[in-house]
Structure formats: structure tokens, C-alpha cells
Amino acid sequence: YQVITSLHRPINTIDLIGGDCFKTPRSAELDSKSDPITSLNKNCDEFKNVEAAFHSSVPANQGKYEIDSIRKFTDPSKRDIWVSTLKYIAKKQPNEILKSREFVKFLWYGSGVDVNPEDIIHGSKHYTKIKDEGWGEQGIYLASDASYMAKHAYPTKDDKKNNLKTIILAECIVGVSIECSPNKKIGDPPPTIQTVVGYSHGTRIYIFNKPELIFPTYLVTWKQQ
């Protein structure tokens, strides 16, 4: 399941829901299969595609934003739960809706300075629900561009005392969404709506109420000079 090749053209569920495309991804190029978080080999295509997606909005400026590592979350049981949620939502939609909407997108999430994104993946911490950017909707904010979430990255240091920052690249069930401009008076969406979508600082913002719609596929870490 080479889903990462669709980073710049989000997946259309109508083409995938009946097949095996959403089974747990198992890459032959992973360094290890024992840990649910495994490092990608820097020479593999998957690493290069994620790196390119990051640098599409965060320019590589004289090593300032050099990718240090990309790690992939491959827990089969949690992946199966996410897939089941996707299929449940998709099957409730008429074919004309499925044909006209893109249900799954790769989006970026910054956990901030206080929450290690690895803890979110392991389940000991939760995505932070906020009320921000002028929307009255309180939810989990993700963005289409890494540059927007880079300011919310989790900071660490490596053995050489280099400053490192990490954000999540997640597969998200956008499902049925409503689009709106920032409006502090907006209320909670009806239960048939999965996401609220808008623009902020030139970036497309997605607001999720339910964390089960988000699968944290990649941890992207870069050196911050």
C-alpha cells in the first residue's frame, strides 16, 4: 500500500473502499518490524516522498531544515480500528457523494512543546483540542502544509546537542466536511459532518472533533539551526 505516493493528490475512497488498499502497510524497506514505531531508510522512496512533502512548504535553506529522521507507525491493531472507522463512514454515503469527495488526506499536526508526539502514538497522551484561528469550533487542528505546523513542533536534542523538532504527518478521514471562513460564532457541526475546513495564513486548516479519524502514520524530525 504505497499511500505516500498520493501525498499531492489525496486519496479518493471510491477507488479503494472495496479493495485491499487500506490494509496495514508493511514496507519491506523498514529497518525493523518489532517496534510499532520504525525508522525509514533514508535511501528508500517512501522516505524521499515524505521528505519532499515536508520541503514543499518548508524550504531546505542551507541545512536549516534538514530532515534528521522519518519514523513510521505500523501497529496493526490500531490501524485496523482506523480502517474500520473509514469503511463505516464511507459506506453510509451515497455513491454520488463518494465520487465527488476525497475522504482521506495526509495532514500535518504539531503537538506543541509540552506533548511528545510519540506519547500520542502510544496512547499515553491525547491530541490537544483547541479553539483557535477565529473559529468558534473547538477541535483538533491539522494543516495541509508542514510550514504551518512547524511552529507547533515538539522540541528535543540529539546526542550532539543539535536542536531537533518533530511533527506528525497523519492519514486523516476528512469524510463529509463543511467549509467556512473564520467565524467565532460557528457552533458544533451536526453529527453527519466529520470536519470543518477553512483557510488561515494561506494554508488549508482541518478541524476534527474525533481523534479516531486521525492515524499518525509518520513522525518527521528535522534539525533546527
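R71 is buried, at a relative accessible area of 18%, where buried means under 20% relative accessible area, exposed over 50% and partly exposed in between (1.4 Å probe, protein chains only). The model is predicted, so local features need pLDDT of at least 70 and side-chain atom pairs count only at pLDDT 80 or more, while totals for chains, interfaces and linings use all residues. Residues are numbered from 1 along each chain as its sequence is written, and side-chain values use heavy atoms, with hydrogens and water left out.

**Exercise 1.** Find which residue forms a salt bridge with R71, and state where the two residues lie.

Solution. Step 1: apply the criterion, a side-chain nitrogen of Lys or Arg within 4 Å of a carboxyl oxygen of Asp or Glu. Step 2: the partner is E118, with the closest N and O atoms 2.4 Å apart. Step 3: E118 belongs to helix α4 (residues 117-122) and R71 to strand β2, 47 residues apart, so the pair links distant parts of the chain; helices (H or I, at least four residues) and strands (E, at least two) are DSSP runs, numbered from the N terminus. Step 4: E118 is partly exposed, at 26%.

**Exercise 2.** Identify the residues that touch the most other members of the largest nonpolar core, and list contacts of F208.

Solution. Step 1: such a core is a set of buried Ala, Val, Leu, Ile, Met, Phe, Trp, Tyr and Cys residues joined through side-chain atoms within 4.5 Å. Step 2: the largest has 30 residues, and W82, Y109, I140, L142, C172, F208 and I214 touch the most other members. Step 3: elements supplying at least two residues each include α2, β3 (104-109) and β10 (214-224). Step 4: with contact taken as heavy atoms within 4.5 Å, F208 touches residues including L107, G139, Q194 and L213, not counting residues up to four places away in sequence.
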